[in-house]
Amino acid sequence: MNPSAKPVAPAVTRPSSEPMLSGAANPWVALGPAPVRAGETLSSPAPVAGRVTSLALSGGTLYAGTAGGGVWSTTDNGAHWHALSDSLPSSAIGCLAVDPSNPATIYAGTGEMNFSYDSYFGRGILKTTNSGKTWSVIGASFFTGHYISSIVIDPNHPNTLYVSDDAGVYRSQDGGFTWTKVLDPSNFPVVGLVMSPTDSATVYALVGLGGIYKTTDSGQVWTLLTGGLPTKGFGVMSLAVNPANSQQLYASFAQDAALGHDLLGMYTSSDGGATWSLLPNVPPYFDRSYSYGGPPGKSGQGQYDNVLAVDPANPAHIFAGGITLVESSNGGAHWINLATPGQTGFAVALHPDQHALLFDAKGDLFVGNDGGVWEMTAAGVWKDISGNLNITQFYPGLSVSPYGSLAGGTQDNGTVQYQGAPAWAQLIGGDGGFTALDPAQPQTQYTEYIHGGVLFRSKNGGVSFTSGSPNYKDQQAIGLPMPLAVSRAHPSDLWLGADRVYKSTDRGASWTAVSPVFPAPSGSRGDPLTALTQAQSGSILYAGTLAGRLFASFDAGKTWTNITPAYADPAASVTSITPNPANPRQITVTYGGYDYPANAVHVLVTPDAANARPAWQNVTGNLPLSPVDSSLALGDQIYVGTDQGVYTAARGSANWTLYGQLLPHTPVVSLAASGSGRLIAATHGRGVWETASPVPDALAASTGTMWLRSGQSAALRVYSQGVDVTRYASWTASNGHSVRIARASTAPHAASVGTAVQVVALQPGSSVLTATYDGAMTQIGVTVQPIAPGPQATILESTPAIPLHHIAVQISHKTAYLPISAVASVLQQLGLNNSWSVRTHSWVISDQSLALPPTAAPLRGAEPGLGATVYINGAVAATGLPILQAGGPTRPSEHQPSKSQSSIAAVTSTATATATATAPGSIPAQYIAIWYVDRLLTRFGLHSSWSVNRGTHTYVWTVAPGPAVSDPVASRHPIPAHSASGQL
């Protein structure tokens, strides 16, 4: 996104009725990533964090300004970072400045001028006079809605400040209380300011598309510098002054958009900018093909990452940052590439996209980029000092697995996965988008690479991915990212919103367009889709666009209707569409985006979207003036994610309350219920957070009113953390109505939906059924009427079931051995398919849809020793796994694990606890409920082996303690003690 120059915006005024605090006893807790381990760099993997836009030094304290995570500080060189501005109006930091006369006074300009899709607008300048302990907001009336690129302070007159933004240059002479515009660049953005180190009246202003301007009288008169500089074909530029000789300047010009944003040229001046000469040997460090082997041609990023710095201890030592980082030790005559393998002088595994370069007095260099903060000492030693920075920018589309893990796509840090610790794993690199999970086969996962609309699918829980994208009709009209939805009624069906709506009926293997292109209001090209929702009924679809329009289909995509509400905010996009689970034609729609909200209409509700002219109600109410980026329905409440926190209201109400405490003020782009009593919020700048859910969701059920003939049976289902536990629940009914339990089928259910059902027989009248399982209760309303014979009973809304056999054994220790010989026999006898995931440290067991052919046995090589091979549907998934017999030694005397074995955990095969479960004769072997093992292993670090007695239907597993596992989730959500006994 390239922010255009805007008129001076009015001051933000709060609504007259402030939202009250709801859920005050529910603090939000950070889940990370802090950091993303083995994240993306220009070379070998390294820990990464998120986008750092600016750096500043004050004494022994290093400050970092981030794209969406606010201001941070460290006093121990990055070992520990501290968030300083979580409760302030904006977390989008464009620049930092320290008062030279008072190191405790720091300014942070909000609004990030990096010209990216997700560069967020600002709300003024943050100022602290006590090193970040407390802050005030100044200049809000001038800078709200703008993007601040630089703040410079006159060292001789510390109350004199210069600020550049997307509309010009401003000066304050009273510490920021009042402002005067001193340079109006005719609607061009001012991308930076540089003050002479020897004359504070001399300031350079870098005007994008306009050139470099200079004043020598504190901003009274400005002169455009030419004298050898380019006069056309350029966009953004950077400037550095030699600290030892203020007349020596370096300027780097990036090409304009038409030429591809590559390097136009680097120039030097020895007379304060009067004349310039071109440096002939500067490498194309903005170019993707030079930096990491990307596409050749128009592939630069000079508008996004363009920085220069001169070493104060050695003026001939220069660094230039673009995608990669290049260094010259002789004043720009020759350069080496520091961050890209294969290039001369490769030295460090930097993350791509450099935004900040800062030297300290002794010559140490600090680098801020899309992955955090790095340091190069004066001796040439590199360090990753991102430490615990929790600043990852998530995109919409966080997904939650029934086993407690989370997955989400992030800005330039890939698709990442939470597995119970602050350090997250990266599944795929690049810019991740929406993620989704197959509710019938949780090992089937989806994610995106947002540039070009590439969709990826994994069949093995994220171990490996294959691409399978539609053949887009209009590649230029694909949103960033693309909304993705898995069908609730048929999990093999996927819906994808790009230039139009696409559908797959085979889990992404093939795609068909099911909507027309939605032309942009200008009619020039398609309007990219930004939100896509399928109602639980299956046939109702809603799609929202970048231009804020809304479309609906009530026949599974065959026909579409424009149901766009009449609202007056042209800068907002549709960010979420949430149907009422009990009435899918009643929807809540939210509007947001990365631009300044021009008005206060950001949440709307219609009671009937199928009406020929839907009636819309503005329920923005007392929400803060902020984009609304996400929504979630829980019970009768709606929860929305804003830049200022999560708010809740009754469905259709405009009376909002702030939910929970301590959530940073940064865009909340995804809201999700975990299925275990937690509410999850993914942010675009401060990672992922959780708090206690206001609605107990440990047990959920089919909901709605069922209209039955007298004596008719109805199918009800109950779920615990995504697993169908219907027949294990106990039932009671009000009004004395009878309840009986039956099973719909005794055949192996494979990976189907709604496998275990509860059948009830009721008399006419209204009744409330209560299901109890594992200490949790849920209620289902049923109305029985003596009506004429007709169609069978209908469940208005039904949650898809998860097959009982799914289990992910999470193992976190990194020594070698797993006794899987005992597991192999029981899996094969039960007809279960299985796979071992080295990358996620999990053993996944799932139902076998068809009988395994002889060439596709679940496990081969199950003799003692090395060499076991795991097959998934006949294909080799892992080889060389070590095998021990049950009762054998805990470790072989000699063994060197290979790479494929390095993540397999050591387990003793000596039983410390034995759990025996006898399945009743009426329940076949295929229905053994082994999810209990999952609950043991994932929460308490236990591992298991199996044995089976087919004659008595008795299944025994032996549980032994594994290595100690630090699991903050387990400590907050203990498993009931009886779960460890193996009762079914």
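**Entry 1: what I am looking at.** I note at the start that this is a predicted model.

**Entry 2: nonpolar cores.** I began with the largest nonpolar core and found 31 residues in it. Trp382 and Val688 have the most contacts inside this core.

**Entry 3: the four-stranded sheet.** Next I followed β25 into an open, antiparallel sheet, where the order is β25-β26-β27-β28. Each of the edge strands, β25 and β28, has a single partner strand, so one side of each has no neighbour in the sheet. I looked at the β28 end and found that β27 (residues 325-328) pairs with β28 over two bridges, in the antiparallel sense. Glu327 has Ile336 in β28 as its bridge partner.

**Entry 4: a hairpin.** I moved on to β55 (residues 645-650) and β56 (residues 657-661), an antiparallel pair with two bridges. Tyr647 stands opposite Leu658 in β56. The two strands form a hairpin with six residues between them, and in the turn I found Gly652 with a positive phi of about 90°.

**Entry 5: Thr128.** I found Thr128 in strand β11, which covers residues 125-128. Is Thr128 buried or exposed? Its relative accessibility is 1%, so Thr128 counts as buried. The side chain of Thr128 makes a polar contact of 2.8 Å with the side chain of Asn130. Leaving out residues up to four places away in sequence, Thr128 touches Ala104, Thr105 and Ile106, as well as Lys133, Thr134 and Trp135.

**Entry 6: Ile540.** My last stop was Ile540, in the loop between β45 (529-534) and β46 (541-545). Ile540 counts as buried because its relative accessibility is 6%. I checked Ala556 too: it lies 16 residues from Ile540 along the chain, with 5.8 Å between their C-alpha atoms. Beyond neighbours within four places in sequence, Ile540 is in contact with Thr533, Gln534, Ala535, Ser553, Phe554, Pro584 and Arg585.

Conventions. Residues numbered from 1 in each chain as written. Predicted model: local features only at pLDDT ≥ 70, side-chain atom pairs only at ≥ 80, totals over all residues. Heavy atoms only, no water. Buried < 20%, exposed > 50% of the residue type's maximum accessible area, 1.4 Å probe, protein only. Contact = heavy atoms within 4.5 Å. Pairing = 2+ DSSP bridges. Core = buried A, V, L, I, M, F, W, Y, C linked by side-chain atoms within 4.5 Å. Polar contact = N/O pair within 3.5 Å; in protein donor to acceptor, adjacent residues only side chain to side chain.
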